[in-house]
Amino acid sequence: FPISSLRPEDPAYDPLHMIDVAKILGGYRDRKHQFRPKSVISVSAMSFGSLSATAVESLNRGCHATGCLHNTGEGGISPYHLNGGNLIWQLGTGYFGARNKDGTFSQQHFLDAIEQAKGKVKAIEIKLSQGAKPGLGGMLPAAKVSPEIAKIRDIPVGKDCASPASHSAFANVDEMLDFVEQLADISGLPIGIKSAVGETEFWDDLITQVQNTDRCVDFITIDGSEGGTGAAPLAFSDHVALPFKQAFASVFKKFELAGIAHNIVFAGSGKLGFPETSLLALALGCDMINIAREPMMAIGCIQAQRCHSGNCPAGIATQNKRLMWGLDPTLKSNRLANYIIALRKEIIQLTHACGYEHPAQITPKQFSIVDDNYASHSVADIFGYCEGWGSPPKEHIDEVVGIIRAATEMRITM
């Protein structure tokens, strides 16, 4: 039966509608700095450079206000990322913020950047590809490469900044796992990967390596082809990589069949910023939801599609100080916070309507998809999920439900 959601006048009401993640990030590998994220919703990767200083500051402040993790994007850690919000530092193929002069990875610069962030970096995400332009690499136009951005990325001022299509630190899954463990050993942080999904040999190889060696990623972010960008060729954004539901299900099933899905935290991204799409992703096996498009719109994006030009009229995807002047981080961060809180509130309400206390308890059986002939099909049947797939182990669910109940009791007694 449905659970009654608390109302604002109830003593136990949580105005932030926090939803702790059911799994411990870095727990399986016993990382030194393992932790349980306080929010199943986090802000996905968007770089300083691609975004303006005021946009990044707005996002980070909003994350701080709502307890969300903020992914830096591959452009490095800027001062604007350090406004209270905890970070997932994304390392792309350019290793910006952790690179030698020749563009290769620098262990010393990596450790220096973490130290300079003063404890705000909580995890590292190695970007293999993204849904909007998988296999293409990236380009920050010369017009956006200001002296400040050049210093943060350790690149020349006023020249195009290209991210290669592949990593120089590794060339196969075996070497990638060595790199993961190297980063984990020297930093103590959970280390994960982000990838779009096309061919499946990579995932088969990864599973084999994890099963047969004492190495493992701590989290995997699956980015659907719906993932947005204002600067990708249409041939890539429209036709390369699988959409989120097919992409995530195809990968997650492999880990379930291998019996190791519970060892890894799974995150999903790609147009998941509405409560019903977020909850479906959680039912398919996601432990966390990464969103970018909706936070961008919350801080003022009008989808002018001028991201590549450096002349974003909203002051978001630009380094033009005149355009940035119109974006007030104090106001925009509050708007982002309102959006995240509302999203979490509606996810909880949908969860309660299904008779559960935490979204991790939702299974694919709670969802049906109606086809063109008005026939209803279970999501579990459509994607070939077996009984129990998509949910964390019972002990993890019991732990997070216990956290919810303890927090409720604490608010009553305050």
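Modeller: Before we start on helix packing: axes are lines fitted to C-alpha atoms, for helices over the stretch in contact, and angles run from 0 to 180 degrees between N-to-C directions. Helices (H or I, at least four residues) and strands (E, at least two) are DSSP runs, numbered from the N terminus. This is a predicted model, where local features need pLDDT of at least 70 and side-chain atom pairs count only at pLDDT 80 or more, while totals for chains, interfaces and linings use all residues. Residues are numbered from 1 along each chain as its sequence is written, and side-chain values use heavy atoms, with hydrogens and water left out.

Colleague: Fine. At what angle do H4 and H5 pack?

Modeller: About 55 degrees, with 9 Å between the axes of helix H4 (residues 173–187) and helix H5 (residues 201–212). That makes H4 oblique to H5, because angles under 35 degrees count as roughly parallel, over 145 as roughly antiparallel, 65 to 115 as roughly perpendicular and the rest as oblique.

Colleague: And which residues make the contact?

Modeller: From H4, Val 173, Asp 174, Met 176 and Leu 177; from H5, Phe 202, Asp 205, Leu 206, Gln 209 and Val 210. Contact means heavy atoms within 4.5 Å. By class, the contact of H4 with H5 has six nonpolar, one polar and two charged residues. Ala, Val, Leu, Ile, Met, Phe, Trp, Tyr, Cys and Pro count as nonpolar, Asp, Glu, Lys and Arg as charged, and the others, Gly among them, as polar.

Colleague: Is Gln 209 buried or exposed?

Modeller: Gln 209 counts as buried, at 18% relative accessibility. The cut-offs are under 20% relative accessible area for buried, over 50% for exposed, and partly exposed in between (1.4 Å probe, protein chains only). Not counting residues up to four places away in sequence, Gln 209 touches Val 173, Asp 174, Leu 177 and Arg 215.

Colleague: What about H2 and H4, at what angle do they pack?

Modeller: Helix H2 (residues 107–116) and H4 pack at about 50 degrees, with their axes 11 Å apart. H2 is therefore oblique to H4. In the contact, Gln 107, Phe 110, Leu 111 and Ile 114 of H2 meet Gln 182, Leu 183, Ile 186 and Ser 187 of H4. The residues there divide into five nonpolar, three polar and no charged.

Colleague: Changing topic. In the largest nonpolar core, which residues touch the most other members?

Modeller: Trp 89, Ile 124, Trp 203, Leu 206, Ile 220 and Phe 255, out of 110 residues in that core. A nonpolar core here is a set of buried Ala, Val, Leu, Ile, Met, Phe, Trp, Tyr and Cys residues joined through side-chain atoms within 4.5 Å. Leaving aside neighbours within four places in sequence, the contacts of Ile 124 include Ile 88, Trp 89, Phe 110, Leu 183 and Phe 219. A second, separate core has five residues, among them Ala 22, Ala 360, Ile 397 and Val 400.

Colleague: How many residues of H8 are buried?

Modeller: Eight of the 10 in helix H8 (residues 275–284), so H8 is largely enclosed by the rest of the structure. The buried ones are Pro 275, Ser 278, Leu 279, Leu 280, Ala 281, Leu 282, Ala 283 and Leu 284.

Colleague: What covers them?

Modeller: The cover includes strand E1 (41–43), helix H7 (244–258), strand E10 (288–291), helix H11 (329–353) and helix H12 (379–382). H8 is followed by Gly 285, which has a positive phi near 130 degrees.

Colleague: You mentioned H7. What is Phe 248 in contact with?

Modeller: Phe 248 is found in helix H7 and is buried, with a relative accessible area of 0%. Beyond neighbours within four places in sequence, Phe 248 contacts Ile 222, Phe 266, Ala 267, Leu 284, Gly 285, Cys 286 and Tyr 385.

Colleague: And what is Arg 61 in contact with?

Modeller: Leaving aside neighbours within four places in sequence, Asn 83, Pro 329, Thr 330 and Ser 333. Arg 61 lies in helix H1 (residues 53–66) and counts as partly exposed at 30% relative accessibility.
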